[in-house]
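Visitor: I have a few words to check against a protein model. Please show it to me.

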Amino acid sequence: MGQVAVIGSGSWGTTLSIIVAQAQGSCLLWMHNYDEARETAARRENVRFLPGVTLPATVQIEHELEVALAEAEVVIVAVPMRRLEENWREIAAGIDSTAIVVSGIKGLMPRSGERVSEVLTRISGPDVLNRFSVLSGPNLAREIVAGEPATSVVASTSSVLATQVQGRLRAPTFRTYVSGDVVGVELAGALKNVIAIGAGMADGLRFGDNAKAALMTRGLAEITRLGVAAGAEPLTFAGLAGMGDLIATCASTHSRNHYVGKALAEGRSLEEIQSHMVMVAEGIDTARGALVVSTRLGVEMPIVELMNEVLFAGMPVAEAGEILMARELSHELRGLRSA
């Protein structure tokens, strides 16, 4: 098999490089920071983003993007969403025209609400979708590198391409399924981060399991409504990329987005929280993007709306919960089925 390059060395990008190395014997991991790349290569440990985890010798560390892309048949993009446009322009200039592109990003652009595939299409044209796929599911990095079983979804408009990527990622404790619903898998992976912030808030307020289960379920209803309006397959949101990822992210202490919500409920400011975080909580920017998309499509998303109020307008967390409970009574499947 040809070379696989992972672009982005956060906890998830580093984890993906380990998965690929297990699956096919080698992987190249690109790191933006030269000093960190040298340190990681020497220590065989990504001290900043995945401390305590030894990288196998089969993961090659590279700082020069041109070198990383030179022989790559598959390029996995795992950079923060806010850096995607800048990074993709550089990647597109150096990538082979036949190379498969895999998105490992779970987010939306905050101002436009664009998904990863939409950003790539805007920059490189619609033909890029012929070699594009997205990987998403309940994939907490710490559990995967500990050797615990995990599953995910590879979605592409090409079933042949999805199957090729699936094969590249088959490792002893990492299993993938294929899907044709790129829109649904992208939206599910991005939007669950917003709901996870809300789940963290529920925990921070010391609410019980009933409240968190309600928040997750009604959050999934919002995600599904938006997804269907955007052209996604409804059942995608009942699968690994939807319900599966939502459960993992809302329940786990490993979740950055859950951490943000919990800290907000405990009285810390968003600025303070972010200043102490090494990694990005994608749900913060995605909350803005989701509101843009829901407004454009005319989809009701009360949880997303209130997350924006708490995150960016200073609404107290407890007040947001009270507003949700006081909303007009309605049918459980409102907006999810024909009248």
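Guide: Ask about the terms, and each will be set against its definition.

Visitor: What kind of model is this?

Guide: This is a predicted model, where local features need pLDDT of at least 70, side-chain atom pairs count only at pLDDT 80 or more, and totals for chains, interfaces and linings use all residues. Residues are numbered from 1 along each chain as its sequence is written, and side-chain values use heavy atoms, with hydrogens and water left out.

Visitor: Why is Arg 206 called exposed?

Guide: Exposed means over 50% relative accessible area, buried under 20%, and partly exposed in between (1.4 Å probe, protein chains only). Arg 206 has 76%, so Arg 206 is exposed. Arg 206 lies in the loop between helix H8 (182-204) and H9. Helices (H or I, at least four residues) and strands (E, at least two) are DSSP runs, numbered from the N terminus.

Visitor: Why does Arg 44 count as partly exposed?

Guide: Its relative accessibility is 21%. That value falls between the 20% and 50% limits, so Arg 44 counts as partly exposed. Arg 44 sits in the loop between helix H2 (34-43) and strand S3 (59-62).

Visitor: What is the phi of Arg 44?

Guide: Phi of Arg 44 is near 60°, a positive value in a residue other than glycine. Arg 206 is not a glycine either, and has a positive phi of about 65°.

Visitor: What puts the buried residues of H7 on the same side?

Guide: In helix H7 (residues 159-168), Leu 161, Ala 162, Val 165 and Arg 168 are buried. They cover an arc of only 120° around the axis, which puts them on the same side of H7. The arc is that of the directions from the helix axis to the C-beta atoms. An α-helix has 3.6 residues a turn, so residues three or four places apart point the same way. The face of H7 turned away from its buried side carries exposed Ser 159 and Val 160.

Visitor: Why is H9 called roughly perpendicular to H14?

Guide: Helix H9 (residues 209-229) and helix H14 (residues 302-313) pack at about 105°, with their axes 8 Å apart. Axes are lines fitted to C-alpha atoms, for helices over the stretch in contact, and angles run from 0 to 180 degrees between N-to-C directions. Roughly perpendicular means 65 to 115 degrees (under 35 is roughly parallel, over 145 roughly antiparallel, the rest oblique). The angle of about 105° is in that range, so H9 is roughly perpendicular to H14.
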